[in-house]
Amino acid sequence: MIATNGPWPSNLQFRNAGNVVRRFAAAFAVILTLAGVLLSQNDFGYLGVYEDAKRIPQGPLPSNQIILARLIYNGRIPGHYKNWYTDYPKADRLLIQGLKRLTTLDIAEQGRVVAINDPNLFRYPLVYSSEVGQMTLTTEDAAIMREYLQRGGFWFMDDFWGSTEWASLEAQMKKVFPTNEIKDIPLNHPVFHSFFDIDKVMQVPSLAYVYYGVTYEQDGFTGECKGIFDEKGRLMVVINHNTDLGDAYEWADDPEYPMRFTGYAYRHALNIILYALSH
């Protein structure tokens, strides 16, 4: 029996109560999602080391198509839920779909992975890296990446946050180029205009934005796009810091993830890739 003593709650009270329930449910969903990530990240067998490449069947290397290659590095915390494999393989697959839809590039349907110490690294004109704040390079690794970049290769970095991860990445890149500074890329640089015109660097949040409405992580409050140039001024490395382009591709088909972030991430990534292939 429903008690009838006292006034009925107002419509506003019902709506407020509903909002509280929805916020609680969303927060609980995030907790479950993160717990699932932490518990199941190694379901694929990825450890955050070079040997991960052996766990991924790839078949023969195509000889007549452009290939999106994700770089496998040795992680600062092997097996940690944040590593080279963050957002892999879905983000890569959906980025390739965007390239196929929006450009005339003859790009392979399937992306590939390549470890720094794999001789096939030099067959890829561009490599993509996620969570580079976790990366650790030996002297040999640094020498390989230095040669790769000086011979015309291009390194596209994404999805790391805050001052601690920045300091880690900066230290690793000093091993690769001890005297080359990491600089802000000016907005009039061709990398922002190779296909789409971008006049502002946007901070792209992870999927957590859907639940919390916050775009930043750690103390990474402002999205940045920086680069490393060679002695002739060629841009060799694009570093996207305090932003998560990969999540924007990965969740591009999720109606809850805002289109403005997905649209920017695709435009920015396509610009970078097309620039890398033409310079």
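Asp87 lies in the loop between strand 2 and helix 2, and in this predicted model Asp87 is buried, with a relative accessible area of 12%. Pro89 belongs to the loop between strand 2 (74-75) and helix 2, and the peptide bond that leads from Tyr88 to Pro89 is cis, with omega near 5 degrees. Gln218 is placed in the loop between helix 5 (209-212) and strand 8 (224-229). Most residues other than glycine have a negative phi, and most peptide bonds are trans.

| Residue | Phi | Relative accessibility |
|---|---|---|
| Asp87 | about 70 degrees | 12%, buried |
| Gln218 | near 50 degrees | 42%, partly exposed |

How do helix 2 and helix 7 cross? The axes of helix 2 (residues 90-102) and helix 7 (residues 259-278) come within 11 Å and cross at roughly 75 degrees, which means that helix 2 is roughly perpendicular to helix 7. Helix 2 contributes Leu94, Leu95, Gly98, Leu99 and Leu102 to the contact, while helix 7 contributes Tyr266, Ala269, Leu270 and Ile273. Of the residues in this contact of helix 2 with helix 7, eight are nonpolar, one is polar and none is charged.

The largest nonpolar core has 39 residues, and those with the most contacts inside it are Trp84, Val127, Trp155 and Leu169. Elements that each supply at least two residues of this core include strand 1 (69-72), helix 3 (139-150) and helix 4 (162-176). Not counting residues up to four places away in sequence, Val127 touches Ala69, Leu71, Val114, Leu121, Tyr148, Phe154, Trp155 and Phe156.

Definitions and conventions. Residues are numbered from 1 along each chain as its sequence is written. This is a predicted model: local features need pLDDT of at least 70, side-chain atom pairs count only at pLDDT 80 or more; totals for chains, interfaces and linings use all residues. Side-chain values use heavy atoms; hydrogens and water are left out. Axes are lines fitted to C-alpha atoms, for helices over the stretch in contact, and angles run from 0 to 180 degrees between N-to-C directions. Helices (H or I, at least four residues) and strands (E, at least two) are DSSP runs, numbered from the N terminus. Angles under 35 degrees count as roughly parallel, over 145 as roughly antiparallel, 65 to 115 as roughly perpendicular and the rest as oblique. Contact means heavy atoms within 4.5 Å. Ala, Val, Leu, Ile, Met, Phe, Trp, Tyr, Cys and Pro count as nonpolar, Asp, Glu, Lys and Arg as charged, and the others, Gly among them, as polar. A nonpolar core is a set of buried Ala, Val, Leu, Ile, Met, Phe, Trp, Tyr and Cys residues joined through side-chain atoms within 4.5 Å. Buried means under 20% relative accessible area, exposed over 50%, partly exposed in between (1.4 Å probe, protein chains only).
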